[in-house]
Every structure is written in structure tokens, then in C-alpha cells.
There are 2 protein chains.
Amino acid sequence: MTRKTDTLYVNALAKGLQVLRAFDEANSEMSLSQIAARTGLDKSAVQRLANTLHLEGFLEKDSGTRRFRPSHAWLELAYAYYWSDPLVPQAMPKLIELSQQIGETINMAELSGEHIIYVSRLPTKRSYFAATIIGRKLPALSTSAGRAILSTWPEAEWRAAVADWPLKSFTPRTTLDRDEIADSIARIAQDGYAISCNQMILNEIGLAAPIWGPDGRARAAVQCSVSSYRWDEDMLREKVLPVLLETANAISPMGQG
Amino acid sequence: MTRKTDTLYVNALAKGLQVLRAFDEANSEMSLSQIAARTGLDKSAVQRLANTLHLEGFLEKDSGTRRFRPSHAWLELAYAYYWSDPLVPQAMPKLIELSQQIGETINMAELSGEHIIYVSRLPTKRSYFAATIIGRKLPALSTSAGRAILSTWPEAEWRAAVADWPLKSFTPRTTLDRDEIADSIARIAQDGYAISCNQMILNEIGLAAPIWGPDGRARAAVQCSVSSYRWDEDMLREKVLPVLLETANAISPMGQG
DNA sequence: TTATAAGTATTACATTGTGATACTTTTTAT
DNA sequence: ATAAAAAGTATCACAATGTAATACTTATAA
């Protein structure tokens, strides 16, 4: 609609991106009018944009239902992303090793604004679908990985984050109390690792260790998700934590402990 | 530059997508002029497009080097893709199980035009980076997965593909002889699985089984990559093939054998 | 230090995207 | 089965928006 920084801002492109962004978990396949409704763009605009995206291979079109779907190009972009993120090539072999060593699901998450995003996932146990695919974004404050990252920041900064950043309830036991989260992070800062239960899904325990950046603050974390039917916190601390920390340190650009 | 289907084609959007596509394995971080050079767009256009992509969160900009990089949004798109592809949720738990069962790297690939694209990867052994990340596109004819898929097509059609589709040499032993490939596919059609050596990387053996579609032709395959230092073809046939086939059939929408 | 290249900003112009409208097809309700 | 409503498709006149040239600034190389 309205342009931003004027003459250096290409409206038509921004609208096209808006169309891409309209697809998500809950809207994985949309008709023209659904896209129009979701983006707030008008019918004609969506018609042209979707058509262009289709011709350029960014949208699949079902000739039967006339619905649009993401195309393989979306995965190709992820491929390109991976080559651009120096942490990924560095981490991958170590993450694989770790996942085989302990036989549990290992993830690497990076901070993305006020959320964390899963960049690598190595599932070893069947679990719910969303936990097995990359690119998932979750409120940083609600995840062990996010808290582990924040814990490496100067206290004033992470406290500001705890005060401001978004929270969302995923299970009946997701912590929504910001004071409680602050206490948790203070503790993580001391211990050097984060542990959390029932935050994203019930009966799941998350264990996360920060990947230190060269400036002493983490921008990523290695995380391990296990079922509370097979593990308890003490077992995790004993069996998993040492190797998890070792892996996180080995990935850390400076290797700081 | 030139517009396509006229009035339903938004040039500015297409150019913006061109910019996104310019990033790849070899160009993971580019300056304005590099983007201009690679896309063939002129300086001013790239300036505006890159700026817009940046403002919309699709390009990261290093304030030091002024170079642009893919952003986390590229992974979010992959996340959306996964929800749109019905095969992935269906396959994921079975792929995980398989990878744990045999302890070797399991992939799922789909046909994407004349290439295959890796949609899921479950590495269990450290290997070269490109083999551990999703979204990689390879000539279908050069891969066990691609051939397994083609082998389910009517003979005339796959023979046409063998004649026309692109080939690329990855190792000194990549098969570039189309007759040889045709023989290989004929055999796969009989056997119901594909096996190949040294195609993408030396000392690697690939074993692939088609995931049958409802129309009797495959559009995806389950694939297993192993090192020839630890395996030979007979061992693979004995130990891995049965479970691989079982998995592929379990994923197949119709469950056809 | 100068020269060359790359990035940034501005502007005048007309190409290109806009959104209204009308037409066709599909879906839903009666 | 038929009508009504909704969704998809096509066309068009207008001017808003993207264009590319140019000039200015900042980096990099000679």
C-alpha cells in the first residue's frame, strides 16, 4: 500500500514477498482469494503477484483446485542459506557425532530477533512433526535454547529482553511469569547451561548450551530434547550435559569455555 | 527485462526473485555490484531491489562489508514448504526409524523437473557438508534416487528423459554415458530398487527405492548413502535393502508393493 | 596520494503496475 | 436442477511507481 523509504523501495516486490510470507503451518495451500484475505492485498494485485510467482517457479499451482502451494524453490533458498551461515558447516559434523553418541534428538538454534529459529535438526526419535523440521521460530524466552543464549548477554540487556520480548503458551505448563524466567536465566548464566520441562510440549525436557561468539555473547545454542518418560533432570546432567557442553564449545568460534 | 505474459506479470517482483536466486553455494554473500553482475540487472535496479529485500527481512546486510546475505526468512520459507508437502509429514517418522535402525544416512528426494531435490536428510555419519543439508538439487539421471523414480515411469517416457535430461560430472567416475544409464534404469525397473557407486562422491554407494504415487509412478524416493569402506553391494542388499523397501512402501500413498 | 571502483542519493520521465470493471467458471444453496 | 453467490480470469485507461542516468560520497587499489 504505502511505500516506505520512498524511491529506493520497490512496492511491487514487497507485496510479492508478503504473498510468500502468507504461507505457513496453518495455511499451506491457498486460493487467490485466501491469499488476498490473508495479506490484505486486493484481488487484482494478488492475481498478478501469484501469477508472477508461479511463472518464476516460486509457487506451485494445482490445476484442479487452482490453489497455490510453496514450491521446491523454497527449499533451494534454504540450501543457499546454509552456505551463507558460517556456523552451520562448522557445527554440522559435531552435531551429527553428538546425536549418534547420545541417541537423542539434537538441534541447533540461532537467535532471530526476539525468537529462536531451528537451523539444524537431527531427530533420532519419532516426535511431533513440527519438532523435526528446520525453520521453526519460537519465542526465545520460552525455550531452553533462547534462554541459554540470553544468559550470555550482559545482565541489563537480558533483563530488558525478559521484560519486553513475546511469550506464548504452548502447553498448560509453559512459563508465562517473567520473574520466573528471569530467575531461570540468572541461574543459567551461572551454570552455563539451560534445562527446561514441559515448555513446548508436555513430557519433554530440553537441555541447551550456548555457542559462544567471539564477542563473548552467544547467538546460537546446541539443544537436546528428550522425553521425561525415559529421562529425568539428574540423568541428563550426568549423561548428556558433559558432551553437550563439549560440543557447544567445540563449535564456538573462539572455543571459549 | 522484457515482460512475459504482459499485464499479469509483475516485472519488479520477478527481478527481486532473480536477486534471491542469485545466492547459492558459490555465492553466499554478495555486494551490490556482484549481484548486478550475476543477475544481469543494472546497478540502480539492484540497489532498489536489494534495499527492499533488506527492509523486508529477506536479506541480511553486513554494515561493515556492505555485503548481503540470505536471512533466517529463507529457513522460514522452508518451514512453510514442509507443511505444504503431504509426503513429508507422512514420511518423517518412518525415515527417522529407518535411520536409527540401520545407523546410516537416510535421505528422501523428490523429483523437481529434471533434477531431484533432497527434501529430508538424516545424516548419521559425518560426511561432506553438501550431503547434510536439505534443498540440494542434482541431475536426476546421476543419482540413485532419480533413477529409482524414473524407473517407475512408462518406458517410453523414461527413455526420453535419459536422452534429454542434463548430466554433470561430479567425480571421475560419474556415468555420462546415456546408454549405460538407460541399462541401469531398465534393471532398476525390474529389481524395484537402484544402486549406484561413485556417482556424486568417490567411495560412496547409494541405494534408493521409489515411493510409489497413487498413479503408479513415483515422484520421490528413499535413499541411503554409505561408504564403500564399510559396505559392499551385497551387504547392502542383504542388510539394508529389505528395510529400505519396506519403508518406501510404507510411505507410498497407496502402499503399493 | 591519486585513481578507480563500489556504494549511496536524487531527479525527470514514461514504463509498468494499479484497481475497477466485466466476463467466465466453479461452488453453494434452494 | 436451477439459481445465486463466490471465485477465478481477462481487459483497460490512468498515473503512480519503478526506471536508468547522473552526481555525490565512501572505500579500495595502484
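**Ground rules.** I am reading a predicted model, where local features need pLDDT of at least 70 and side-chain atom pairs count only at pLDDT 80 or more, while totals for chains, interfaces and linings use all residues. Residues are numbered from 1 along each chain as its sequence is written, chains are lettered from A and ligands numbered from 1 in the order in which they are written, and side-chain values use heavy atoms, with hydrogens and water left out.

**Helix 7 of chain B.** I looked up residues 155-164 and found Trp158(B), Ala161(B) and Val162(B) buried (buried is under 20% relative accessible area, exposed over 50%, with a 1.4 Å probe and protein chains only). Helices here are DSSP runs of H or I with at least four residues, and strands are E runs of at least two, numbered from the N terminus. Seen down the axis, the buried residues of helix 7 of chain B fall within an arc of 100° (taken from the directions from the helix axis to the C-beta atoms), so they line one face. They pack against helix 6 (144-150) and helix 8 (178-191) of chain B, with contact meaning heavy atoms within 4.5 Å. On the face turned away, I noted the exposed Ala156(B) and Asp164(B).

**Thr39(B).** I found this residue in helix 2 (residues 32-39) of chain B, and Thr39(B) is buried at a relative accessible area of 12%. Leaving aside neighbours within four places in sequence, Thr39(B) is in contact with Gln18(B), Val19(B), Ala22(B) and Val46(B).

**Chain A record.** UniProt, in an unreviewed entry, places "domain: HTH iclR-type" at residues 10-72 of chain A; such annotations may be inferred rather than shown by experiment. I read that stretch of chain A as 51% helix and 10% strand, with end C-alpha atoms 25 Å apart.
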